[in-house]
Amino acid sequence: MFLNEVSRSVRVLLGQIQRRCPALPANNTAARCMSQAGTDPEPTPDENEVVSPTFVNRNPRNLEQMALAVKDRGWKTTWPHREFYHRLMFSRTQHHVTAQVFSSSSPVPVLSCSTKEWALKKELPSTNCVAACQAVGEVLAQRCQQAGITRMVYRAIPWTYRSDSVQAFRSAMKEGGIVLSEPRRKYIGT
């Protein structure tokens, strides 16, 4: 008995809602007719959107790529010179070939490649031949590209510069998309 009265009152209420909004179908969209469209609130500047008058760059690689970062000049009498962002060191011993990329701020190499690595050693007939130098150059160029380092300083020792192994290494690095020189530092007047 009680359920019949409740269902009857609900039907009467729905009928009144449909009479107020005759264009809407009788399904569940009746409640949409009762609501009103809200006004768009005015945007207020949030604390996260306010621009700070002082900016601190936390990405030094960005300044390096624009040639605006400071290069440590070091002493004029030291060799090799210290005016670089990244420096490439290539060494060839009796048994192995090694290439390393150093940052100006760290004595530890950022990237390295050597014929001591098993993946290179198993593919080469000899670990100190010209083909090994070329393979080390190709692998190091790929690693540099993945790390985002595309420019670096390479100054070979003058009496080894003309050797076939150094030339093969340099050509493999250049073919891998690495530029073996850095741009001069740009000075911005204040």
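Residues are numbered from 1 along each chain as its sequence is written, and side-chain values use heavy atoms, with hydrogens and water left out. Because the model is predicted, local features need pLDDT of at least 70 and side-chain atom pairs count only at pLDDT 80 or more, whereas totals for chains, interfaces and linings use all residues.

The chain has six helices and three strands, where helices (H or I, at least four residues) and strands (E, at least two) are DSSP runs numbered from the N terminus. Along the sequence these elements follow the pattern α-α-α-β-β-β-α-α-α. Of the 190 residues in the chain, 27% are buried, a class defined by under 20% relative accessible area, with exposed meaning over 50% and partly exposed lying in between (1.4 Å probe, protein chains only). The accessible surface of the chain comes to about 14300 Å², of which 55% belongs to carbon and sulfur atoms; such areas come from the Shrake-Rupley method with a 1.4 Å probe, and for residues only the protein chains shown count as cover. Among contacts (heavy atoms within 4.5 Å) between residues at least 6 apart in sequence, 54% join residues at least 24 apart.

The three strands form an open sheet in the order β1-β2-β3, with antiparallel pairing, two strands being paired if DSSP finds at least two bridges between them. The edge strands, each of which pairs on one side only, are β1 (86-92) and β3 (109-114), and the twist averages 15° from one strand to the next. Strand β2 (residues 97-103) runs antiparallel to β1 and is joined to β1 by seven bridges, and leucine 88 stands opposite valine 101 in β2. Helix α5 (residues 130-147) lies across β1, β2 and β3 and runs at about 150° to β3, while helix α6 (residues 164-175) lies across β1 and β2 at about 145° to β1. For these angles, axes are lines fitted to C-alpha atoms, for helices over the stretch in contact, and the angles run from 0 to 180 degrees between N-to-C directions.

Phenylalanine 90 lies in strand β1 and is buried, with a relative accessible area of 16%. Leaving aside neighbours within four places in sequence, phenylalanine 90 is in contact with Val97, Thr98, Ala99, Cys133, Tyr154, Ser165, Val166 and Phe169. Phenylalanine 90 and isoleucine 157, 67 residues apart in sequence, are 9.5 Å apart in space from C-alpha to C-alpha.

Side chains of opposite charge can pair when their charged atoms come close. With a salt bridge taken as a side-chain nitrogen of Lys or Arg within 4 Å of a carboxyl oxygen of Asp or Glu, the count comes to one salt bridge. Glutamate 117 forms a salt bridge with arginine 143, the closest N and O atoms being 2.8 Å apart. This pair links distant parts of the chain, 26 residues apart, with glutamate 117 in the loop between β3 and α4 (118-121) and arginine 143 in helix α5. Glutamate 117 counts as partly exposed because its relative accessibility is 25%, and arginine 143 likewise counts as partly exposed, at 28% relative accessibility.
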